Amino acid sequence: MSRFSLTIVGAGSSSSTPMLKCLLSKSPCAQCADASANGFESPNHRLNPSALLQVVDESSTTLRNLYVDPGKTFRESAIKVLKPRGVRYLDAVIITHDHADACWGIDDLREFTRDGEALDVYCDSRTLVSMRRVYPYLFDREGGGSAKTFVARVNWCVMSDAFDFFGVTVRPVPVYHGEGYINNGIVFESGPQKALYLEDVSAIPDASAATVQDEFDVAVVDMLSTKPYPTHFSVDQAVHFATSLRAKKIRFVGMSHSLPFLETNEMLSRRLPHAQLGRDGEVVLDCARVGANADTDDHDTA
């Protein structure tokens, strides 16, 4: 049986924080000013929503890394979160949907592939069509696999059902990200460990309702701002949804620059004590075995 850790890599919205339009204005908001002044150390500094799953099989000392959504800020996320975690390689990637904040950093996957090995990239069929249109060179066998060009070698996998990642079951959960548009939430499960990851959500389809009502060690849930928005949970909607979950711990992600970290968490402590805003680099589900005796020669350590 494998054990895993789950880390929030990016906890912000598609615009990140600091938001450029706000920061470059004559009167930036307090969150953007703080994020700009204090950089990675600021809890208000937020990159595009993304996550890192790390797995060690009990029969092996190899640490394996699965990255969720290499979006517009992937390179910055690697510097801010992956480097301190000691991540040099990725073994698989999930692209939950075809929006820029979920996939526009995939060119930099070339920095994280092991020599001579193709990187498994999972996405649904709609996203695969978009990726082929925007990144044709990642589908070209000669370009993707040639030693003469610095291009990621990608093994594209259609994510239509659950798949195994070194002993962890990874299951897509269709959710609405605006009317008529399906995004993929994810359930990670191995033995007693179970985590729910729902970024970019506006509603839960009936077909996914039972899945999200399972018991979880942690649930990561979308929350944009106090104002209603057609493609995301607002604060009230996210809190209302979270109260229905059977999760030991809840972390919200996808926050816009309008939500101050400390003040929002004080409010959440009163409304839902086991729920807080997540922050970039936060390990929301940890396992002592992950990285404890990992091979540091050819593979990563947590």
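# Rings, burial and packing in a predicted model

The protein's secondary structure comes to nine helices and 14 strands (DSSP runs numbered from the N terminus: helices are H or I with at least four residues, strands E with at least two). This is a predicted model, where local features need pLDDT of at least 70, side-chain atom pairs count only at pLDDT 80 or more, and totals for chains, interfaces and linings use all residues. Residues are numbered from 1 along each chain as its sequence is written, and side-chain values use heavy atoms, with hydrogens and water left out.

Q: What radius of gyration does the protein have, against that of a compact globule with 302 residues?
A: The radius is taken over C-alpha atoms, and the globule rule is 2.2 Å times the number of residues to the power 0.38. For 302 residues that rule gives a value near 19 Å. The protein agrees with it, at 19 Å.

Q: What percentage of the 302 residues is buried?
A: Buried means under 20% relative accessible area, exposed over 50%, and partly exposed in between (1.4 Å probe, protein chains only). By that cut-off, the buried share of the 302 residues is 57%.

Q: Which residues of helix H5 are buried, and which are exposed on the other side?
A: H5 covers residues 125-134, and Thr-127, Leu-128, Ser-130 and Met-131 are buried there. They lie on the same side of H5 because they cover an arc of only 165° around the axis (taken from the directions from the helix axis to the C-beta atoms). The exposed residues on the other side are Val-129 and Arg-133.

Q: Which elements do the buried residues of H5 pack against?
A: Contact means heavy atoms within 4.5 Å. The partners include one helix, H4 (100-103). The buried residues of H5 also pack against strands S5 (119-123) and S6 (154-158).

Q: Why is the pair of Tyr-122 and Phe-163 stacked?
A: Rings of Phe, Tyr and Trp (its six-membered ring) pair if their centres lie within 6.5 Å; planes under 30 degrees apart count as stacked, over 60 as edge-to-face and the rest as tilted. A search of the whole structure finds seven aromatic pairs. Tyr-122 and Phe-163 have ring centres 3.7 Å apart, and the pair is stacked because the planes are at 5°.

Q: How many residues apart are Tyr-122 and Phe-163?
A: Tyr-122 is in strand S5 and Phe-163 in strand S7 (residues 163-165). Both residues are buried. The pair links distant parts of the chain, 41 residues apart.

Q: Which residues does Phe-163 touch, not counting those up to four places away in sequence?
A: Phe-163 is buried, with a relative accessible area of 11%. Its partners are Leu-66, Ile-94, Tyr-122, Val-168, Thr-169 and Val-170.

Q: Which parts does the pair of Phe-139 and Trp-156 tie together?
A: These two rings are stacked, 4.5 Å centre to centre with 0° between the planes. Both residues are buried. The pair ties together parts 17 residues apart in sequence: the loop between H5 and helix H6 (141-145), and strand S6.

Q: Over the face of which residue does Arg-126 lie?
A: A charge sits over a ring if NZ of Lys or CZ of Arg is within 6 Å of the ring centre and within 35 degrees of the ring normal. Arg-279 lies over Phe-261 at 5.7 Å from the ring centre. For Arg-126, at 4.0 Å from the ring centre, the residue is Tyr-181.

Q: Is His-257 buried or exposed?
A: His-257 is in the loop between strand S12 (246-253) and helix H9 (261-271). Beyond four places in sequence, its contacts include Cys-22, Cys-29, Cys-32 and Arg-46. With a relative accessible area of 19%, His-257 is buried.
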